[in-house]
Amino acid sequence: MLSLLVRRRRLLHHLLLPLFRPFPMAPSQPRTKSRNPLLIPGIGKFSRSKMYHKRGIWAIKAKHGGAFPRHDPKPASPEPASKKPPKFYPADDVKTPVPNRRKPKPAKLRASITPGTVLILLAGRFMGKRVVFLKQLSSGLLLITGPFTVNGVPLRRVNQSYVVATSTKIDISGVNVDKFDDKYFKKEKKERYKKSESSFFEAEQETKKLPKERKEDQKVVDTPLIKAIEAVENMRGYLGTKFTLRSGVKPHELVF
Amino acid sequence: MVKERKHDRVRLFVRGRVLGYKRSKSNQYENTSLVQIEGVSTKEEVDWYLGKRLAYIYKCKTKKNDSNVRCIWGKVTRPHGNSGVVRAKFKTNLPPKSMGQKVRVFMYPSNI
């Protein structure tokens, strides 16, 4: 049995604690460690009543007039009076598919590919051409340019897997590629013609014309590039030539 | 009459030969073909070619998509033995007449 003095001291301490150490209203950073250290998994050091005191439930109750603050759920909005029964009930219970929350990341850029690297295209319309790498777009595709006047390759997107990176680098510090992204290259959607015979035949006659902006953008990107290319001996000829395998040349032995 | 050469010819593939199907003495497994890649003579050299795409190209009498030339795509899957022969799987199994025929081993998907 605790002595009267000890009990009185404890009671005073309990009541006067707020005066001695006024604790802050709410911690700026939430407490991460538990106030109840584990002795053994499943058994804490402090009893329920001790924990009640430690957590300050008594203080919260005192602040809210004797009861722990409750947040009752909002009353549900009344359902619309006229709710039609569904037209169709599936025969068996249909499982709802789990929503796909996967967001694919853009392809990791190989260490050998840095802005200004000369790449060799391995497939497609411009296969074999040596081309300058500008930047990687958010979809993971690589933005490249011939430059156009050197080898006829315009600003284009290419997949990393269809490209061999050479060790040749060109200085592209003078080029501003910020305005190019995947949206720039997106194909315009063809207007869906209404199903009538006359329009069906008319639609075929539209010819594709390269918009002026594309041509201008090409020039803007290419001019500083060409300056950098002219500065290096033989670079222009190099970029103008195509890569090809010859008899006796083994790609697994080549150093690019 | 000669069509104007719009693109100079470049070869961006390695030549290969189809040797036959994967087989034991008296059983063959047509889902995997064996391919000999030109210039590859050891198992270590094959590493570069793993995963590279293959095309078996052949000609036919009838025209499909405006062309008499047809193609079966495949991939290099693994080495076969110690001497640089390679196992390959194609989208559809290669026809038996492909034995001894040429195959193109492309340089993509590239990892250089």
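Where is the place of Pro109(B) in chain B? The place of Pro109(B) is in the segment after β6 of chain B, and a cis peptide bond with omega of about -5° joins this proline to Tyr108(B). The model is a predicted one, in which local features need pLDDT of at least 70 and side-chain atom pairs count only at pLDDT 80 or more, while totals for chains, interfaces and linings use all residues. Residues are numbered from 1 along each chain as its sequence is written, chains are lettered from A and ligands numbered from 1 in the order in which they are written, and side-chain values use heavy atoms, with hydrogens and water left out.

Chain A contains seven helices and seven strands, where helices (H or I, at least four residues) and strands (E, at least two) are DSSP runs numbered from the N terminus. From the N terminus on, the order of these elements in chain A is α-β-β-α-α-β-β-β-α-β-β-α-α-α. Of the 256 residues in chain A, 25% are buried, a term that stands for under 20% relative accessible area, with exposed meaning over 50% and partly exposed lying in between (1.4 Å probe, protein chains only). Contacts are taken as heavy atoms within 4.5 Å, and among those in chain A between residues at least 6 apart in sequence, 58% join residues at least 24 apart.

Chain B comprises one helix and six strands, which follow the pattern β-β-α-β-β-β-β along the sequence. Of its 112 residues, 38% count as buried, and residues 24 or more positions apart account for 56% of the contacts in chain B with a separation of 6 or more.

The largest nonpolar core has 32 residues, of which Ile37(B), Leu54(B), Phe90(B), Val103(B), Val105(B) and Met107(B) touch the most other members; such a core is a set of buried Ala, Val, Leu, Ile, Met, Phe, Trp, Tyr and Cys residues joined through side-chain atoms within 4.5 Å. Two or more residues of this core come from each of the elements β1 (13–23), β2 (28–37), β3 (53–64), β4 (67–80), β5 (85–90) and β6 (102–106) of chain B, and β3(B) gives the most, with four residues. Apart from this core lies another, of 20 residues, among them Val132(A), Leu143(A), Val175(A) and Phe180(A). Leaving aside neighbours within four places in sequence, Leu54(B) is in contact with residues including Val35(B), Ile72(B), Trp73(B), Val76(B), Ala88(B), Phe90(B), Val103(B) and Val105(B).

Between the two chains, 25 residues of chain A are in contact with 19 residues of chain B. The area buried between chain A and chain B is about 1800 Å², of which carbon and sulfur atoms give 63%; buried area is the accessible area (1.4 Å probe) that two parts lose on being put together, summed over both. Leu122(A), Leu245(A) and His252(A) supply 31% of the area that chain A buries against chain B, more than any other three residues. Across this interface the rule finds zero salt bridges, a salt bridge being a side-chain nitrogen of Lys or Arg within 4 Å of a carboxyl oxygen of Asp or Glu. The rule does find 11 residue pairs in polar contact across the interface of chain A and chain B, both residues being at pLDDT 80 or more. A polar contact is a pair of N or O atoms within 3.5 Å; within protein, one must be able to donate a hydrogen and the other to accept it, and residues adjacent in sequence count only if both atoms are side-chain atoms. Strand β7 (residues 163–169) of chain A gives the most to the side of chain A that touches chain B, with three residues.

Within chain A, Lys129(A) is placed in the loop between β3 (117–121) and β4 (130–136), and Lys129(A) counts as buried because its relative accessibility is 17%. A polar atom of the Lys129(A) side chain lies 2.9 Å from the backbone oxygen of Asn151(A).

Most residues other than glycine have a negative phi, and most peptide bonds are trans. A cis peptide bond with omega of about 0° joins Gly146(A) and Pro147(A), and Pro147(A) lies in the loop between β5 (142–145) and α4 (148–151) of chain A. Asn65(B), although not a glycine, has a positive phi of about 55° and is found in the loop between β3 and β4 of chain B; Asn65(B) counts as exposed, at 77% relative accessibility.
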